[in-house]
Amino acid sequence: ELCPTIKNILLLDSEGKRIAVKYYSDDWPTNAAKEAFEKAVFTKTQKTNARTEAEITMFDNYIVVYKFVQDLHFFVTGGENENEIILATVLQGFFDAVGLLLRGTEDKKEALENLDLILLCLDEIVDGGIILETDANVIAGKVDSHSMDAGAPLSEQVSLLLFHSSDYPLAKSIATILTYLGLQQTITQALATAREHLTRSLLK
Amino acid sequence: ADYSPFLGIEKGAVLQEARVFNDPQLDPRRCSQVITKLLYLLNQGETFTKVEATEVFFAVTKLFQSKDIGLRRMVYVMIKELSPSADEVIIVTSSLMKDMTSKTDMYRANAIRVLCRITDGTLLTQIERYLKQAIVDKNPVVASAALVSGIHLLQTNPEIVKRWSNEVQEAVQSRAALVQFHALALLHQIRQNDRLAVNKLVSSLTKGSVRSPLAQCLLIRYTSQVIRESANNNQAGDRPFYDFLEGCLRHKAEMVIFEAARAITELNGVTSRELTPAITVLQLFLSSSKPVLRFAAVRTLNKVAMTHPMAVTNCNIDMESLISDQNRSIATLAITTLLKTGNESSVDRLMKQITNFMSDIADEFKIVVVDAIRSLCLKFPLKHRSLMNFLSNILREEGGFEYKKAIVDSIVILIRDIPEAKESGLLHLCEFIEDCEFTYLSTQILHFLGIEGPKTSDPSKYIRYIYNRVHLENATVRAGAVSTLAKFGAMVDTLKPRVFVLLRRCLFDNDDEVRDRATLYLNTLGGDGAVVETGEDVKEFLFGSLYIPLVNLENSLKNYEPSDDAFDINSVPKEVKTQPLAEKKAPGKKPTGLGAPPAGPPSTVDAYEKLLSSIPEFANFGKLFKFSAPVELTEAETEYAVNVVKHIFDGHVVFQYNCTNTIPEQLLENVTVIVDASEAEEFAEVASKPLRSLPYDSPGQIFVAFEKPEGVPAVGKFSNMLRFIVKEVDPSTGEAEDDGVEDEYQLEELEVVAADYMLKVGVSNFRNAWETMDADYERVDEYGLGPRESLAEAVNAVINLLGMQPCEGTEVVPNNSRSHTCLLSGVYIGNVKVLVRLQFGLDGPKDVAMKLAVRSEDEAVSDAIHEIVASG
């Protein structure tokens, strides 16, 4: 099998407990096997500082890349021959998409309160082990697109955007709508840059 | 403090809540919340019973009435998680097909993914038209959904997916990066068995521009494959596609650069000119701020260092700075790479750096380092002093059992392989047991001292260390020390008086075993005062190898009941018990019918011998040499289950067919096995014992005996046919009809192989056994095993071919090893002891070379073993 394959994606808390996990491989056939793997991963990585850059380790013939923020621990596992950088790209996509979806409040409480978004997020990143999407903006956009009604005309969506801007950061909503509208990828990409500028100016 | 919205969540209550899905006026928000709770439960490992899952599934299908997009998304995820059964799928099919043709892209994409996940082949033909359209849909999410689903479906319905290749080919040209990636993956999988088509695909794409980095990585992998497969017929000139790989080293995406660099390092027979640009980019990665890049680079360079150490030396400075990397995986890989690439002059400097490093890494990493140092020492024997010192220093520091064992093992290997290192190594071990908390290691070292110590220039200096154990340790170690002392006494006559004095003191030990050993040694070695040379037979009796598996001896002793007959060591079975093959071959094979599982066949030599000798036809075959594990001759879950046990005698082979009839409505009579031995020329059928009747679920045995040349390990293939008269049975009364029909049932082939003439008999100390075996009967030769899946696979294949018992755990090949030594022991037909030393090495990335050294009690047998390997 030559296609890059993801074995699992894990989101654990600061005690190693599950927040949301998704396994794409039969390597862990039972829940007990999964829990044992999670425990091993957590123990091995717990003491490392994976907060600025993604970290990496290898054990039991798996490559695990991981990144932490607050009490959230993100992991992506691949086979021992997998390209480490591809795994890291998936991890970064997941990590950043969750960041966008939790609107900057990245902790366990917020994650659990928005568990639906996180589960949808996992669903949009990998399908049966095959990477679906790695761009965090696109992932978050797809997950969050349901905050608008698909059938509504453009003008309505813009007014919806204004409505949303009162409880979402403005840039976020613009990004969301644009991503949604711009499922014609070219627009998305052109505006992704714009969004970055906008975010920066708004957060100052 | 630890607030969670799921605090106190309970499955029963959530299932109750799921009733809101049935409300006439759906509340999308509420429904979404309930689905989230259900998904949370599943995610935490909770399971639903069949009934619960069905109920939830039906309730969820009601939610398709809602137009709420958010809810619909959750419904899709929920359906995938529930993985409904075929008859349930029908319920949602129409809803999903409607979504699949919806104007809303998100609906289309997700409905495709869900439908393809849960569908079976029949439904697939109905939706095929939509899927083909979706592949070329202008919305990339829809196209990707269809393509990825295609990749999954190719496993189960290849013939259907292969019909989409025009659309997939079009999608490869998509401007959307991920569509291109998914399309390329699917296209390659569709064509993977057509080498020419793959070649064409690679040639055309490597010229054009693939936009997606992921697709580019795929293309690199496909290109490497093409290079690998064309390597044989393209010896001269430049390697095809190398320029493409090299060009990828300048790609802007790191994942592509790395993929290309790795691909180049893994090329078959890569030259240093080809390697250079790849090593250069990997070297840049070594100083990256991202741990993932550093790790990827150092791991790849570590592998390169095994085959091309010189190519990696340019990176040594960068590697050295990685020794202090925060990420200890990276640091360990850097150290072991340096140990491989380092030259003799850099060893001392390196050792100094490693000493500091060792104190702050975990035991598992330390073990890797110890292994690397051992190889380094074998490579530079002149450096044994500093390396041995290093090992003895770390032996004194804190550490767990596995780590200490790795160090001790390394010292022992160095002592064996580097004569100059012997004396200092033994003293290091002596010092270690002065303060060793692991009984196992203490006894192993004492045993080793007993073998090596007497052969040194001054054996007397070890006596003090050994005797100290006798009064400072637990009983196990004390007993070990007593045996070691006795060995010194037996081997070195000048030490006898001193040893006897010490042994006599042990007669007052408070442990039975210690006293018993001391008594035995004093009496056999002549502790009554006369100092005489100890005879060879006494040495063999006391210290020789026991050609009996200890487990078997233990069992026999447990079963022995005190009586007038003394325990007879010859009654202990020599065969090592292995897992019956049949159990592994047919996993999950349930006992058929209502009755108890079929009575297992007997499984010891005794039981088989009794069974066979009770059959008059076989009574004169002599002693049973070996019986095989049962080999299945039928697939699991077939009408008749048959497996066969091969019984090997000196001049005969008996096949015992264990048959089970699994059809309640049938009774079989006059059951025989018709064996065709035309592919087993040296065998002639001499007797057959059919089965009069084989009722449902009550196993029976059929025997067929063959004559073969006496003592010759004849091999051959036998095809088997079950022939019988079948009578119908009324299941309610259990009565069979009077008239039957003759019928036949084809069984699988059966082989008698060389391994059938080999008994798995282990030895407790291989080296000892090897050295006591006559070196004149040693036969050594080298073999190329060609490309193998892995070193471990090659080792396993040879072990299975020879059918011998692996010794000292050498059947286990550590990960990433480039070489491995495996020790085997067995008894060949004619009761000839055989020892085999196998040395494997990787020659290029996949090719395995093997050196086979055989010692046996009969040179013809040593030759025969080579014969087996050469023809296997």
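1. Between chain A and chain B the count is ten salt bridges, each defined as a side-chain nitrogen of Lys or Arg within 4 Å of a carboxyl oxygen of Asp or Glu. One of them joins Lys22(A) to Glu81(B), with the closest N and O atoms 2.6 Å apart.

2. This is a predicted model, in which local features need pLDDT of at least 70 and side-chain atom pairs count only at pLDDT 80 or more, while totals for chains, interfaces and linings use all residues. Residues are numbered from 1 along each chain as its sequence is written, chains are lettered from A and ligands numbered from 1 in the order in which they are written, and side-chain values use heavy atoms, with hydrogens and water left out.

3. The contact (heavy atoms within 4.5 Å) draws 56 residues from chain A and 60 residues from chain B. The two chains bury about 5000 Å² between them, 57% of it on carbon and sulfur atoms, where buried area is the accessible area (1.4 Å probe) lost by two parts on being put together, summed over both. Within chain A, Leu2(A), Ile85(A) and Asp127(A) lose the most area to chain B, together 13% of what that side buries.

4. In chain B, strands E16 (residues 819-828) and E17 (residues 832-843) run antiparallel and are joined by ten bridges; strands are DSSP runs of at least two residues, numbered from the N terminus, and two of them pair if DSSP finds at least two bridges between them. The E16(B)–E17(B) hairpin has three residues between its strands, and Gly830(B) in the turn has a positive phi of about 95°.

Definitions and conventions
Helix = DSSP H or I, 4+ residues; strand = E, 2+ residues; numbered from the N terminus.
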